[in-house]
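Visitor: Hello! I am new to protein structures and would like to learn how to read one. Could you walk me through it?

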Amino acid sequence: MENDIIYFSDFPNLQETGTRKDNGKFDLTLLPTQELKEEFRGYIMYRCKNGTFRALIQDRTAYNHIAKFLNSRINRRIKSLGDRNPEKWISLLKGWMLEQGITIVKEKKSVYGTVSYGEAVTILYFRNVLKFLGQKIYGMR
């Protein structure tokens, strides 16, 4: 069994410059099952190898929300992300976020002052996890 904590400092591309002393980490012990831990470990390792420090800080916040969602009562019998189809997961996540008072819409302002709206970072992160794992657990191409 691998370590259930993934530290940012283990990846050379994530070495933050400056005086900031944020010991960033993803804590897989927050997830309820071993299968979920392995699924998220794969995606997090991929992001740590290819992402930036700032992106991983944002990912960690979204990951922590999703870990709480996966531990909620509605998911108590879930063993893996393959137990539900991706759209059902997203629908349930949005409902849970609304119950928790977490916004599901993100406002974006362009340099020209126009405003557009999109999905919140947590939803986008979860979509990316499901897409990354899609071929393995859903048989997607």
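Guide: Let us go through this structure feature by feature. Please keep in mind that the model is predicted.

Visitor: Which secondary structure elements does the protein chain have, and what pattern do they follow?

Guide: The protein chain has 4 helices and 4 strands. Along the sequence they follow the pattern β-β-α-α-α-β-β-α.

Visitor: How many of the residues count as buried, as a percentage?

Guide: A residue counts as buried when its relative accessible area is under 20%. Of the 141 residues in the protein chain, 38% count as buried.

Visitor: How many residues are in the largest nonpolar core, and which have the most contacts inside it?

Guide: A nonpolar core is a set of buried residues, such as Leu or Phe, joined through side-chain atoms. The largest one here has 36 residues, and those with the most contacts inside it are Phe 26, Phe 40, Ile 44, Leu 70, Leu 81, Tyr 125 and Phe 126. The elements giving two or more residues to this core are α1 (34-50), α2 (53-70), α3 (86-100) and α4 (121-138). Its largest share, 9 residues, comes from α2.

Visitor: What does Phe 40 touch?

Guide: Leaving out residues up to four places away in sequence, Phe 40 touches Leu 28, Leu 31, Tyr 63, Ile 66, Leu 70, Leu 81, Tyr 125, Phe 126 and Val 129.

Visitor: Back to α2: how far apart are its end C-alpha atoms, and what span should its residues give?

Guide: You can check a helix by its length. At 1.5 Å a residue, the 18 residues of α2 should span 26 Å, and the end C-alpha atoms are 25 Å apart, which agrees. The buried residues of α2 include Phe 53, Asp 59, Arg 60, Tyr 63 and Leu 70.

Visitor: How many aromatic pairs are there?

Guide: The structure holds 12 aromatic pairs. To describe one, look at the distance between ring centres and the angle between planes. For Phe 8 and Phe 26, the centres are 5.6 Å apart and the planes are at 50°, so this pair is tilted. Phe 8 lies in the loop between β1 (5-7) and β2 (25-27), while Phe 26 is in strand β2, so the pair ties together parts that are 18 residues apart in sequence.

Visitor: Are Phe 8 and Phe 26 buried or exposed?

Guide: Phe 8 counts as buried because its relative accessibility is 2%. Phe 26 is buried too, with a relative accessible area of 1%. Together with Phe 40, Phe 53 and Tyr 63, Phe 8 and Phe 26 form one aromatic cluster.

Visitor: What kind of pair do Tyr 43 and Tyr 125 make?

Guide: Their ring centres are 5.5 Å apart and their planes are at 75°, so the pair is edge-to-face. The pair links distant parts of the chain, with Tyr 43 in helix α1 and Tyr 125 in helix α4, 82 residues apart. Tyr 43 is buried, with a relative accessible area of 5%. Not counting residues up to four places away in sequence, Tyr 43 touches Tyr 125, Asn 128, Val 129 and Phe 132.

Visitor: Where does Arg 84 lie?

Guide: Arg 84 lies over the face of Trp 89, at 4.9 Å from the ring centre.

Visitor: Where is Ser 72, and which backbone oxygen lies 2.6 Å from its side chain?

Guide: Ser 72 is in the loop between α2 and α3. The backbone oxygen of Phe 69 lies 2.6 Å from a polar atom of the Ser 72 side chain.

Notes
Residues numbered from 1 in each chain as written. Predicted model: local features only at pLDDT ≥ 70, side-chain atom pairs only at ≥ 80, totals over all residues. Heavy atoms only, no water. Core = buried A, V, L, I, M, F, W, Y, C linked by side-chain atoms within 4.5 Å. Buried < 20%, exposed > 50% of the residue type's maximum accessible area, 1.4 Å probe, protein only. Contact = heavy atoms within 4.5 Å. Expected span 1.5 Å × (residues − 1). Phe/Tyr/Trp six-rings, centres within 6.5 Å; stacked < 30°, edge-to-face > 60°. Lys NZ or Arg CZ within 6 Å of the ring centre and 35° of its normal. Polar contact = N/O pair within 3.5 Å; in protein donor to acceptor, adjacent residues only side chain to side chain.
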